[in-house]
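This report looks at how one chain of an assembly is placed against its neighbours. Please keep the sequence and the structure in view while reading.

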Amino acid sequence: MEPPVLPPWEQFRAARPAEKARWLRTPTGRPYHVLFAQQFDRPFLDRLCETATRTRRIAKTKGGRMFLQSLLPDQRAMLYFAQPSTRTFLSFYTACQIVGLRPAEVRDTHTSSEFKGESPEDSVRTFSSYVDLIIMRHPEQGFAERIAWLLSTTERSVPVINAGSGKDEHPTQALLDVYTLQRSFARRGGIEGKTVVFVGDLLRGRTVRSLAQVLVLYPGVRLIFCAPAPLQIADDILEVLRTAGVPHETTEDFEYAVAAADAVYMTRLQDEWDVAGESRQIPTERFRFEERHLQLLRPDGIVMHPLPRRHEIAVEVDRDPRAMYWRQVRNGMWIRVALILTMFGREGEIHQYYEELVR
Amino acid sequence: MEPPVLPPWEQFRAARPAEKARWLRTPTGRPYHVLFAQQFDRPFLDRLCETATRTRRIAKTKGGRMFLQSLLPDQRAMLYFAQPSTRTFLSFYTACQIVGLRPAEVRDTHTSSEFKGESPEDSVRTFSSYVDLIIMRHPEQGFAERIAWLLSTTERSVPVINAGSGKDEHPTQALLDVYTLQRSFARRGGIEGKTVVFVGDLLRGRTVRSLAQVLVLYPGVRLIFCAPAPLQIADDILEVLRTAGVPHETTEDFEYAVAAADAVYMTRLQDEWDVAGESRQIPTERFRFEERHLQLLRPDGIVMHPLPRRHEIAVEVDRDPRAMYWRQVRNGMWIRVALILTMFGREGEIHQYYEELVR
Amino acid sequence: MEPPVLPPWEQFRAARPAEKARWLRTPTGRPYHVLFAQQFDRPFLDRLCETATRTRRIAKTKGGRMFLQSLLPDQRAMLYFAQPSTRTFLSFYTACQIVGLRPAEVRDTHTSSEFKGESPEDSVRTFSSYVDLIIMRHPEQGFAERIAWLLSTTERSVPVINAGSGKDEHPTQALLDVYTLQRSFARRGGIEGKTVVFVGDLLRGRTVRSLAQVLVLYPGVRLIFCAPAPLQIADDILEVLRTAGVPHETTEDFEYAVAAADAVYMTRLQDEWDVAGESRQIPTERFRFEERHLQLLRPDGIVMHPLPRRHEIAVEVDRDPRAMYWRQVRNGMWIRVALILTMFGREGEIHQYYEELVR
């Protein structure tokens with residue numbers, strides 16, 4: 001992979017998403033770093049979903065699974081998880097194993113040299129020496145971006161996938177949500193024209209913020225934000241939707257929203273961001289998906305959740321075929337497989353194998 | 001692997017071992033889940049020991065080792081260790097590597113989402129999405145059984161191996177103990193008719209409880225339980241032995257027991273279960289295997305210990321060829337290899353390879 | 001690998017380095033255990049550096065990388081890191097992956113059975129049962145040596161690489177430093193005749209102590225120790241140099257030392273060994289490599305650092321081609337690859353592959 005040439009840090013950091021996205025691409029147009037959800041355009045998303053779907057079809061036979069492992073066995077990835085997240089970690093770890101990529105992990109950065117006074121930049125640059133890809137989760141907003149930029153200035157640049165940084169960006173979560181919507185509505189003409197309802201802590205849930213902005217790329221989509229007033233979606237997102245001409249509304253009427261939805265995207269209270277437990281004062285009981293709400297939902301509608309859940313969705317709902325959250329987990333694994341293959345320029349082999357041996 | 005259909009939870013949980021064992025088998029008779037020691041019958045144990053012995057013979061050449069790795073390279077296992085146990089973890093991890101199975105680990109569940117209010121069931125179900133086998137250690141009694149049952153009710157069932165849950169079950173420890181006895185007495189007609197002496201904290205050591213119940217399957221076995229009265233074996237086990245007609249006795253006379261033994265099974269004080277350090281008041285000095293006891297032991301007898309040891313066996317005993325506890329460790333690795341291959345229906349290939357290339 | 005026969009512990013421990021080195025070799029002359037830096041002679045070091053250089057050349061193609069992975073896929077290594085060190089851990093972990101060796105890790109020994117009262121010797125012996133190589137880091141001086149000796153007395157000996165024990169030994173760090181010097185001066189006649197300047201906490205930095213003693217093997221090398229008096233190199237090292245006839249001096253004049261150097265080896269303050277923060281009282285500002293010092297350094301000189309750094313080297317220096325510390329990291333990975341291949345007797349295949357396919 002030939003790394004892209006990035007502009008000076010201040011210029012890079014201050015650039016608009018579309019401009020950054022251009023810089024992050026390799027000379028042949030592939031994403032070199034994957035840092036934020038809005039860096040992808042529609043043709044890329046369509047192609048990526050198709051690659052994911054074909055990859056999982058290929059994986060249904062042992063021959064196919066061995067073929068997938070033969071794609072990147074000579075490459076190594078570091079999973080640098082400075083913030084605990086077993087599920088995202090395992091999803092990426094498994095994705096690496098599926099394509100043969102050798103994973104190494106740095107989960108607890110207290111065991112690194114950071115405590116000896118080393119800068120985080122030096123730590124990550126050292127670790128990057130051993131690998132061909134960095135998958136990074138960090139509590140600090142913008143950290144993945146800074147590391148990606150920094151490595152690009154060194155003799156040995158390494159691509160970075162942002163696996164969640166701070167409150168803001170978690171691009172592969174948005175990819176798996178889009179993939180879940182695309183698969184669920186494949187027989188209904190795709191995501192275009194569908195109504196997506198977001199429910200819960202919309203103010204602080206980064207998955208909702210990311211996905212809403214990506215859905216702008218799908219004509220005719222309508223968004224409903226259903227939350228108690230103190231947790232309602234922030235104005236910056238509404239402004240993005242207004243500018244893009246995406247129809248949307250906010251409401252506190254959960255029953256109305258479920259009945260209007262093609263997809264109901266439930267989220268949990270993000271009270272880890274509370275200063276003094278203030279959000280527990282907010283009444284959220286009316287925003288729970290109980291078994292009885294299944295009757296309000298369209299027969300071909302779906303219920304999504306990024307997980308983990310608390311009580312936002314009753315366990316009884318799990319048995320309904322429209323409950324899509326467990327399948328979302330598997331979708332996340334496959335879209336990450338597709339993303340890694342695409343970054344390493346191997347998705348062409350997926351399509352060739354599929355044409356020859358699967359279809 | 002086609003998963004078995006399990007009855008409702010209350011019915012499953014309340015069933016007798018023999019009934020549960022039947023439910024846990026696949027339609028072709030293999031164990032789908034491995035949850036407790038008494039789930040195995042004699043033909044299964046004999047076959048499993050033979051598979052283990054042939055596998056380690058195959059592993060003596062590089063060609064054989066590469067053959068073993070070719071058996072399950074397209075499968076993935078999760079080692080979910082909610083309770084620390086480096087030795088059991090490494091034994092299973094290595095067993096996976098030997099047959100090519102790709103392992104992923106969840107060792108510290110504090111880095112999982114459990115702290116965000118997710119139920120343990122949701123956590124494990126999420127993690128199960130990424131793998132084809134779960135190897136699980138958990139401090140809570142019955143947890144592995146509950147998860148196995150739960151996964152069987154989902155669209156994507158995954159087999160579960162219980163690697164130790166609570167005070168009660170640790171079935172692969174019993175398997176390795178049986179395998180060690182079988183190997184040690186192979187030239188003396190097998191386990192049948194042998195006298196096995198258990199020494200130490202018999203009240204709380206789950207390995208003793210499990211092994212004693214499995215030895216019921218071997219005709220003519222005689223059991224001696226040698227412990228200070230407050231740590232003597234519990235009545236429920238004695239009742240099992242009485243019902244099965246297994247000759248047994250309890251004693252506080254260590255010298256007598258050693259002299260009577262074909263196998264002396266030493267165990268450590270399980271004071272982690274103490275409420276207030278009460279067991280440290282119990283005099284256990286008379287129940288230590290010192291170098292001088294080697295003279296009391298039959299020339300073809302053996303000394304076993306599940307490890308870790310404290311002072312129950314003097315280090316000087318290690319050099320005696322009858323000290324079997326270090327070889328028990330290796331036996332544990334190989335019996336786990338055999339178990340995994342059997343669960344995945346690949347043990348036939350072991351026997352075929354052995355017939356063609358080793359014998 | 002046929003293990004060497006070691007003498008009784010007291011005799012082994014008290015022996016001189018040259019004698020120990022002889023004992024640690026296999027019958028065919030390869031190092032069986034790698035425990036301390038002075039165990040290597042010049043022909044071994046020269047050959048090892050050559051193996052490392054050829055291995056990295058081979059790794060430039062996918063075919064070469066797959067060849068390297070085919071060398072040890074049937075072997076397993078345990079990385080036993082009782083002391084945290086992410087960088088050394090990752091370097092060895094990656095080296096294992098490069099040659100196909102399956103790694104397993106024990107990073108946090110609190111999750112082992114040590115807390116149940118088991119001796120560390122029993123712990124490591126248990127873990128050794130599962131693997132073919134132990135790579136060990138431990139805070140206790142001499143621990144790796146004791147374990148290597150202990151395992152040699154058992155039925156199943158396993159080679160040990162010391163990856164850092166206590167204040168004293170970290171032999172693979174010395175190997176990577178020698179390799180870096182050798183590569184950097186390859187076109188200037190090698191290490192012979194060069195002036196190496198050590199700067200910083202020379203009293204407590206084990207890398208400096210180790211490297212200084214290894215450089216004795218290179219005729220004409222001159223050493224300058226540049227440090228504030230309380231942190232100056234210890235007398236035992238100076239005595240070694242005097243005995244070997246190696247020209248050396250001590251100084252507090254950093255500018256003088258940089259100007260005289262072929263290689264400037266910077267180190268950080270080792271204040272983790274402080275009893276009461278006493279070393280923070282020592283003025284170390286004058287011993288920092290700032291951007292302006294680049295003008296004092298020879299055009300073909302180099303700046304080294306074992307990392308992690310704090311403020312001993314200004315970040316601006318990183319961009320200078322003479323800054324060698326980031327490349328040191330990569331050199332460390334490759335010299336460890338070469339060392340493992342040599343221990344397992346596979347370096348001949350490297351040279352054969354290189355002769356046939358690379359050169």
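## Relation between the copies

In this predicted model, chain C is superposed on chain B by a rotation of 120° with 0.0 Å of shift along its axis, and the RMSD of that superposition is 0.0 Å. The two copies are therefore related as by a three-fold rotation axis. In general terms, two copies of a chain are related by a rotation about an axis and a shift along it.

## The side of chain C that touches chain B

The contact between chain C and chain B brings together 17 residues of chain C and 20 residues of chain B. On the side that chain C contributes, strand E2 (102–106) and helix H6 (120–128) of chain C each supply at least two residues, and H6(C) gives the most, with 4 residues. By residue class, this side of chain C divides into 4 nonpolar, 6 polar and 7 charged residues.

## The side of chain C that touches chain A

Towards chain A, the contact takes 20 residues from chain C and 17 residues from chain A. Three helices of chain C, namely H4 (62–69), H5 (86–98) and H12 (325–343), each supply at least two residues of the side that touches chain A. Of the elements on this side, H5(C) gives the most, with 7 residues, and the residues of chain C that touch chain A divide into 9 nonpolar, 4 polar and 7 charged.

Technical notes. Residues numbered from 1 in each chain as written. Chains lettered and ligands numbered in written order. Predicted model: local features only at pLDDT ≥ 70, side-chain atom pairs only at ≥ 80, totals over all residues. Contact = placed C-beta atoms within 7 Å. Nonpolar A, V, L, I, M, F, W, Y, C, P; charged D, E, K, R; others polar. Least-squares fit on C-alpha atoms with pLDDT ≥ 70 in both.
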